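Colleague: Could you take one part of this structure and go through it closely with me? I'd like the residue-level picture, with the cut-offs spelled out as you go.

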Amino acid sequence: MAQFQQWLDRLARPIEFASRDAFARLPTVKNLSTYVSSQILHALSHQVYPKSIEAALLKLRALFEEDQQRFTLEEQQRRLREAAGILRTLREATEDQGRVWEEPEALTVPQPAPSKSTRDLWTVPIRFAKGVGPQRASTLQRLGIETVEDALWTVPWRYEDRSVMTPIGQLVPGMVTAVCGTVVKNSAKRTRNRRFTVLEIGLEDQTGRLQAVFFNQPYLEQIFAVGKSIMMSGRVIAGKQGWMVPRMDVSQYEVVGEGTESTLHVGRIVPIYHETKGWTSRQMRVLMRGLVDEHAADLQDILPVPIRARQRLLPVQEAVVQIHFPKAGADLAALELGKSPVHRRLAFEELFLLQMALAARQRSVQVEKKRLHFNPRTPLLDKLGRVLPFTLTTAQDQVIREIFRDMIAPRPMNRLVQGDVGSGKTVVALHAIVLACGSGYQAALMAPTEILAEQHYRNLSPLLHSLGVNAALLRGSDKAATKKNQIAHLASGRIQVAIGTHALIQKGVAFKSLGLAVVDEQHKFGVLQRKTLIEKGYGPDVVVLTATPIPRTLAMTVYGDLDVSIIHTLPPGRKPVRTFLFGEAQRRRAYQILRDELHNKRQVYVVYPLVEESEKTDLQAAIQGAERLQEGELKEFRVGVLHGRMKQADKEAVMTDFTEGKIQVLVATTVIEVGVDVPNATVMMIEHAERFGLAQLHQLRGRVGRAGYQSYCLLMAATMGRNKTLPGKRPTGNQESASLVKERLEALVRSNDGFVIAEEDLRIRGPGEFFGFRQWGMPEFRVANIVRDGDLLHQARLEAFSLLKQDPQLTASAHQGIKEAMLRKWQKKLELGSIS
């Protein structure tokens, strides 16, 4: 205790010196902020303090985070007075402590064990909260709230500054503002057939009276009962009596309530929550006030003090209180953008727990002893180099070296290979397959669709056959006798390379010695399903291929436990595809491009969107579109149709005819998004392009330009701004504006770089919509947003991996809270069995 007080005295001396003689010496004190801030940061990063001491030190440091010279003299003096008060509090608190503290550089003092209530908020059902009960608990479940902890982490989606209400007597024309008053008039009128209602109310405060009119909202008659206190916001316009009694065009309203409850809804920065039927933002505010008062102090701050100090994070209790009820003077713009210190604190914790889970899963692979022994000198690799009909790019060579290094390493390989459409990922995977087979193992190449599996088989089997490697195509649609024969050959090892869909991991399929699993177009399977092959007891090395450029933040989130390789360059001779955005009025010009290419003996794709919600009408549109082209603009050419509802034999026949040039125009739904490789095809026309995500459009564009011919992508956005459902199942009513659609599609016109396009798509549409990530493992957060918080995600990742390196099993007492929270949130989703 004495040593801590000595350190506190050293910290206080310059503060007390600057405050003497009515702050007369303040102008002579230099670098005070740097000194105080660095001293406290050093202390917090080397010792764990009781919560009260830690909170006081963090509060003291906050006063000196910025250079004092930036503030007015009055503000500097105010901060020094506040700092002196905190120092007095610290001295008094240390005198009351019963334990002896060493200097901050000394051994860490363990934190007291959390109380039962601290640990168990996540187990307290929300129905037991005051004013909830079983019925309202059922309603809150629709908002994802089942426990008290869920509720405290359900943050406002926006805020309104109601700290200053405009007196009605001071309203002027055109003003957009908020008023608060008492309902003094409530008059509802209905037409004879009762199909039209007009509700006129009068609102009064001490300075004047205001009118508001509501059409066809009869239920408001009860809400705006005479005598109720109401807050309204909107634009002020002239009323029936001119400016004697102004009128408001109301955009928002809220019943304020009486007594102490009214202070929740006006006179402050007010949180606005998402609503659901039977539950309003106002009710949520009342609930949150009670929960915050009763439980916020019980929240366990699981982040270690050194991390909080380095990242300048508030205590979690303070952050939860202020995110729901911001203090006076809080930065409204930062709150609205989700960039306030309180948002940053809670978002960091969410991201940190995910990164801890990913680090734990990556480590579980790294410490696993590899049972495979690959031979990098197998003669098959030299033979492959001789039979390949082209020279590998520098980027392909580099990625192959990274894969080989992983394969001969003592730990299992778990690598993601990203490469733009047509960058040559398959030949990279082929080298890994040949190394596996040359070392006496089998390899599996798993594709998301049978069309893509067949494409891989057609491209790879001749090369593998020339090396003496036996490859087979396994499909779920094959006859029972064929499948039985193939399963027997897999079990005996006669089939060395199995190419197929999810049929490869079906019950009853067994490999003799599976050494390598290549998973193509991973997003089609679901990120969190990629371990299925491993769970069958094989423990192969794993390579995940994706032509979908994944932005850096998503790669850290979805593929955070994989090593990543990127093929940056395309094979030589490829010309960039020229992309045009056409409206309905420019359709004739688009058709002319099609005819010009067809007359040059090239081939054309015409793609229609297809989504589950409107599958029947979408299929009909594609079929009718093909008929119109065959009978009209392209009647001199043969038009074929391809869609997912066709029988397998019919699909194969159409694809064969198109590949051989017998069909010149292929009208298809998005089944050709991946897997079709026809070098003679030079035009990709995409109908209703506004209904596709940018990443999906880029995939479709990658189906052309696969030879040396100049190719074109024509984006037909005939119903711009009135689109149906975008990929990822956008909620009804959440449609994009015409300007946003145009902005999104023009990003594709400007760039052929898939990574640039992916970042733009993520920025415009956000993580929830981007590429339908929810369907394939995208973590959902209550506070964090990976677009907005990309830098924070990176910091959380560095801290998580560093911590797990220090304490691999999280056995330290200070890390128990992290371990429990991580397992609770991510154990099932990320299969964290090894660390539990």
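Modeller: Leu-810 sits in the loop between helix H28 (790-806) and helix H29 (816-830); helices (H or I, at least four residues) and strands (E, at least two) are DSSP runs, numbered from the N terminus. This is a predicted model, so local features need pLDDT of at least 70 and side-chain atom pairs count only at pLDDT 80 or more, while totals for chains, interfaces and linings use all residues. Residues are numbered from 1 along each chain as its sequence is written, and side-chain values use heavy atoms, with hydrogens and water left out.

Leu-810 has a positive phi of about 50 degrees, although it isn't a glycine. Most residues other than glycine have a negative phi. With 0% relative accessibility, Leu-810 counts as buried (buried means under 20% relative accessible area, exposed over 50%, partly exposed in between, with a 1.4 Å probe and protein chains only). Lys-601 also has a positive phi, near 70 degrees, without being a glycine. Lys-601 is in the loop between helix H22 (587-599) and strand E16 (603-607), and at 68% relative accessibility it counts as exposed.

Seven strands make up an open sheet, ordered E10-E11-E9-E12-E13-E8-E14, with parallel pairing; two strands pair if DSSP finds at least two bridges between them. Strand E10 (471-474) and strand E14 (563-567) are at the edges with a single partner strand each, so one side of each has no neighbour in the sheet. On average, neighbouring strands of this sheet are turned by 20 degrees against each other, direction ignored (axes are lines fitted to C-alpha atoms, for helices over the stretch in contact, and angles run from 0 to 180 degrees between N-to-C directions).

Within the sheet, strand E9 (residues 442-446) pairs with strand E12 (residues 514-520) in the parallel sense over five bridges, and Ala-443 stands opposite Leu-516 in E12. Helix H16 (residues 394-407) packs on this sheet, touching strand E8 (414-419), E12, strand E13 (541-546) and E14, and its direction makes about 160 degrees with that of E14; contact here means heavy atoms within 4.5 Å.

His-568 is exposed, at 64% relative accessible area. The C-alpha atoms of His-568 and Ala-395 are separated by 6.3 Å, although the two residues are 173 apart along the chain.

Back to H16, which has a helix partner too. H16 and helix H17 (residues 425-438) pack at about 30 degrees, with axes 9 Å apart. H16 and H17 are therefore roughly parallel to each other (under 35 degrees counts as roughly parallel, over 145 as roughly antiparallel, 65 to 115 as roughly perpendicular and the rest as oblique). H16 passes H17 in a right-handed crossing; a crossing is right-handed if the near helix is turned clockwise from the far one by less than a right angle, and left-handed if anticlockwise. On the H16 side, Gln-396, Val-399, Ile-400, Ile-403, Phe-404 and Met-407 meet Val-427, Val-428, His-431, Ala-432, Leu-435 and Ala-436 of H17. The residues of that contact split into 10 nonpolar, two polar and no charged; Ala, Val, Leu, Ile, Met, Phe, Trp, Tyr, Cys and Pro count as nonpolar, Asp, Glu, Lys and Arg as charged, and the others, Gly among them, as polar.

H17 has a further contact. The axes of H17 and helix H18 (residues 450-466) come within 12 Å and cross at roughly 45 degrees, and H17 and H18 are therefore oblique to each other. H17 passes H18 in a right-handed crossing. Here Thr-426, Leu-430, Ile-433 and Val-434 of H17 touch His-456, Leu-460, Leu-463 and Leu-464 of H18. Those contact residues divide into six nonpolar, two polar and no charged.
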